[in-house]
Amino acid sequence: MASTNEPAKPPGPYFLWCMSGNNRESVVESLGDDSRNKAAVNKALGLAWKNLPGDQKQLWKEKNNEMKQTFENYKRQGGVVSPGAYAKAKARKKKGASTARGKKRSAEAAEILANFSNEEILEEISRRLNKRPRTGDPDSGGMPTAEVSQGDQEATQSHREASASADENAEAPSPAELLRKFGKRVPEEERCGMEAWMTQRMLTITTNLRTTLGKSPSNKEVWLEAMRKWTGLSAPKKERWNDRAQ
């Protein structure tokens, strides 16, 4: 539940304009039979925003900047930010996938344990807790275990260290900063959706560029690759990302 003191998140000038007054309603009403067509509505809203006089656009940009400043101040003072609808849906999806994996593993474990007696299971648990070697013939059909050599342990440790080092160097640039610096030609109605899309894809883009270039990519190189991929998205996909950003 959102805090009663938590300020509204800045949605962006375009979406702020859409949500204010009857701007959206008047555009929807003008579409007649197409008013139920989501793609037609988004297209009409984008066109209406594009045709808005520059001085009026500037007012909405200033209002959005004021909201952004208030929101950033709230976060700097330690305010708790509640997750948005998209973040909640993503968390539910992740939890559902985790639960499904857990059920599958439990079923697999139950199937394996069904082949052994209670005495064999208890003996194996005791052996593993005390880190004792298994007695008897290894081919006699006893419970499965993992035999790890010293060389395998060293290789695993090296892999973990390399992965940790790669993770430390894999910090991706801020999508908001890239948009501010390089995205002046991105249409206003696409900016929020592109930022949300870049937030999800930035680490992958940066990692792939690092592999391809053999070095850490510059912010400009990351932006050009992100822009290339975003431009290749279909209009419906861009609209879905815009919706998620709201």
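A charge sits over a ring if NZ of Lys or CZ of Arg is within 6 Å of the ring centre and within 35 degrees of the ring normal. All views below show a predicted model.

**View 1. Lysine over a tryptophan ring.** K63 lies over the face of W60. The distance to the ring centre is 4.3 Å.

**View 2. Helix α3 and what covers it.** Helix α3 consists of 13 residues, 38-50. The buried residues of α3 are V41, N42, A44, L45, G46 and W49. An α-helix has 3.6 residues a turn, so residues three or four places apart point the same way. The cover over the buried residues of α3 includes α1 (13-19), α2 (23-30), α4 (54-76), α9 (188-213) and α11 (235-245).

**View 3. The start of α3.** Here a side-chain oxygen of N37 comes to within 3.0 Å of the backbone nitrogen of A39. A39 belongs to helix α3. Its relative accessibility is 37%, and A39 therefore counts as partly exposed, between the limits of 20% and 50%. In sequence A39 and R240 are 201 residues apart, while their C-alpha atoms are 9.9 Å apart in space.

**View 4. Aromatic pairs.** The model holds six aromatic pairs. One of them, W197 with W230, is tilted, at 5.7 Å centre to centre and 55 degrees between the planes. This pair links distant parts of the chain: W197 is in helix α9 and W230 in helix α10 (residues 219-231), 33 residues apart. W197 counts as buried because its relative accessibility is 4%, under the limit of 20%. W230 is also buried, with a relative accessible area of 1%. Elsewhere, ring pairs join Y14, F15, W17 and W49 into a cluster.

**View 5. The largest nonpolar core.** This core has 16 residues, and those with the most contacts inside it are M194, W197, M198 and W223. Two or more residues come from each of α8 (175-182), α9 and α10. The largest share, seven residues, is from α9. Beyond its neighbours within four places in sequence, W223 is in contact with L178, L179, F182, G183, V186, M194 and M198.

Methods
Residues numbered from 1 in each chain as written. Predicted model: local features only at pLDDT ≥ 70, side-chain atom pairs only at ≥ 80, totals over all residues. Heavy atoms only, no water. Helix = DSSP H or I, 4+ residues; strand = E, 2+ residues; numbered from the N terminus. Expected span 1.5 Å × (residues − 1). Buried < 20%, exposed > 50% of the residue type's maximum accessible area, 1.4 Å probe, protein only. Contact = heavy atoms within 4.5 Å. Polar contact = N/O pair within 3.5 Å; in protein donor to acceptor, adjacent residues only side chain to side chain. Phe/Tyr/Trp six-rings, centres within 6.5 Å; stacked < 30°, edge-to-face > 60°. Core = buried A, V, L, I, M, F, W, Y, C linked by side-chain atoms within 4.5 Å.
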